[in-house]
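Here is a short briefing on one protein chain. Please look over the sequence and the model before reading on.

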Amino acid sequence: MSTKAERTTAYIIETVAPVFNKHGYVGTSMSALTDATGLTKGALYGNFENKEALALSAFQYNSKRLLSEIDNQLNIEGTSLDKINQFILFYRNYDVYTADIGGCPILNIGVDAQHNNKLLAAATKETIQEIEGKIALVLENGVNSGELKLPVTPLQFAKQLYTMITGAVAMATMTKDRKYLMNTVAYLSVLIRKEIQK
């Protein structure tokens with residue numbers, strides 16, 4: 001059973017995570033955080049050392065949620081090809097999935113933090129590498145079982161695949177046109193069948 005302090009900390013993180021994700025580290029004011037939580041600045045700083053620590057906890061919360069969902073997609077029953085296709089299909093509705101947290105945390109925070117917050121930039125890079133590693137493991141299992149053939153190493157293929165998906169997420173976000181996601185997912189599904197299925 002969690003303590004009142006632990007519940008307060010969890011409430012703060014969960015409540016401010018979409019705020020930081022939408023407005024970025026610099027763009028999020030303390031008044032926006034106090035408005036969202038209904039707590040005073042003193043109460044927020046009673047739970048977190050500073051704004052940077054709170055922003056990092058908020059990103060980690062969103063990142064953990066995304067990584068958990070990616071695990072769900074990649075851990076379905078079936079072949080490695082089924083798992084990769086499931087992962088790709090998840091991104092068809094990625095904008096819907098991330099709507100309540102203010103969009104893609106990797107894209108939003110990753111771009112925002114590059115020039116103003118080294119800790120957030122490093123945390124974003126770490127999340128990207130973790131996602132690429134998860135994809136690569138599924139691909140490697142497919143190669144080892146004789147199901148898939150890859151023109152490059154599993155990690156390199158995973159990086160290229162995730163780059164294309166993230167590019168579609170970026171374009172859909174910037175243009176507010178979800179066809180970028182839908183068309184890229186359709187293209188990748190065909191590409192995967194043609195290029196790596198044995």
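The points below go from the overall fold to pockets, salt bridges and surface.

This is a predicted model. The protein has 10 helices and zero strands. Its C-alpha trace spans about 60 × 40 × 25 Å along the principal axes. Of the 198 residues, 43% are buried.

**Fold**
- From the N terminus, the elements run α-α-α-α-α-α-α-α-α-α.
- Helix α8 covers residues 118–144.
- Helix α9 covers residues 154–175.
- The loop between α9 and α10 (179–195) holds K176.

**Largest pocket**
- The volume of the largest pocket is about 270 Å³.
- Its lining counts 15 residues, and the closest to the centre are D95, G103, A172, T173 and K176.
- Helices α6 (94–97) and α9 each give at least two residues to this lining.
- The largest share, three residues, comes from α9.
- By type, the pocket lining splits into six nonpolar, five polar and four charged residues.

**Largest cavity**
- The count of cavities of 30 Å³ or more is one.
- The largest cavity has a volume of about 40 Å³.
- Y91, Y94, C104, I106, Y162, I165, T166 and V169 line the largest cavity.
- Helix α9 supplies the largest share of this lining, four residues.
- The cavity lining has seven nonpolar residues, one polar and no charged.

**Salt bridges**
- Side chains of opposite charge can pair when their charged atoms come close.
- The structure holds five salt bridges.
- One of them joins the side chains of D95 and R178, at 2.9 Å from N to O. This pair links distant parts of the chain, with D95 in helix α6 and R178 in the loop between α9 and α10, 83 residues apart.
- D95 is partly exposed at 29% relative accessible area, and R178 is partly exposed at 28%.
- E132 pairs with K159 in a salt bridge, with the closest N and O atoms 3.3 Å apart. E132 lies in helix α8 and K159 in helix α9, so this bridge ties together parts that are 27 residues apart in sequence.
- E132 counts as buried because its relative accessible area is 8%, under the 20% cut-off. K159 is partly exposed, at 30%.
- Salt bridges with shared partners join D71, E130 and K134 into one network.
- E130 is partly exposed at 38% relative accessibility, whereas K134 is buried at 19%.

**Surface and the end of α9**
- M171, M174 and Y180 form a nonpolar surface patch, with about 300 Å² of accessible area together.
- M174 lies in helix α9. At 60% relative accessibility, M174 is exposed, because the cut-off for exposed is over 50%.
- M171 is also found in helix α9. M171 is partly exposed, with a relative accessible area of 33%.
- The C-alpha atoms of M171 and L181 are 8.2 Å apart in space, and the two residues are 10 apart in sequence.
- K176 has a phi near 55°, a positive value in a residue other than glycine.
- K176 is exposed, with a relative accessible area of 74%. K176 is also among the residues closest to the centre of the largest pocket.

Methods:
Residues are numbered from 1 along each chain as its sequence is written. This is a predicted model: local features need pLDDT of at least 70, side-chain atom pairs count only at pLDDT 80 or more; totals for chains, interfaces and linings use all residues. Side-chain values use heavy atoms; hydrogens and water are left out. Patches are made of residues with over 30% relative accessible area and no salt bridge: like charges are joined within 9 Å, nonpolar side chains (Val, Leu, Ile, Met, Phe, Trp, Tyr) within 5 Å. Accessible areas come from the Shrake-Rupley method with a 1.4 Å probe; for residues, only the protein chains shown count as cover. A salt bridge is a side-chain nitrogen of Lys or Arg within 4 Å of a carboxyl oxygen of Asp or Glu. Buried means under 20% relative accessible area, exposed over 50%, partly exposed in between (1.4 Å probe, protein chains only). On a 1 Å grid over the protein atoms alone, a cavity is a set of points where a 1.4 Å probe fits but cannot get out, and a pocket is an open set with protein on both sides within 12 Å along at least five of seven lines; lining residues have an atom within 4 Å of a point. Grid points are joined across faces, edges and corners, and a volume is the space filled by probe spheres set on the points. Ala, Val, Leu, Ile, Met, Phe, Trp, Tyr, Cys and Pro count as nonpolar, Asp, Glu, Lys and Arg as charged, and the others, Gly among them, as polar.
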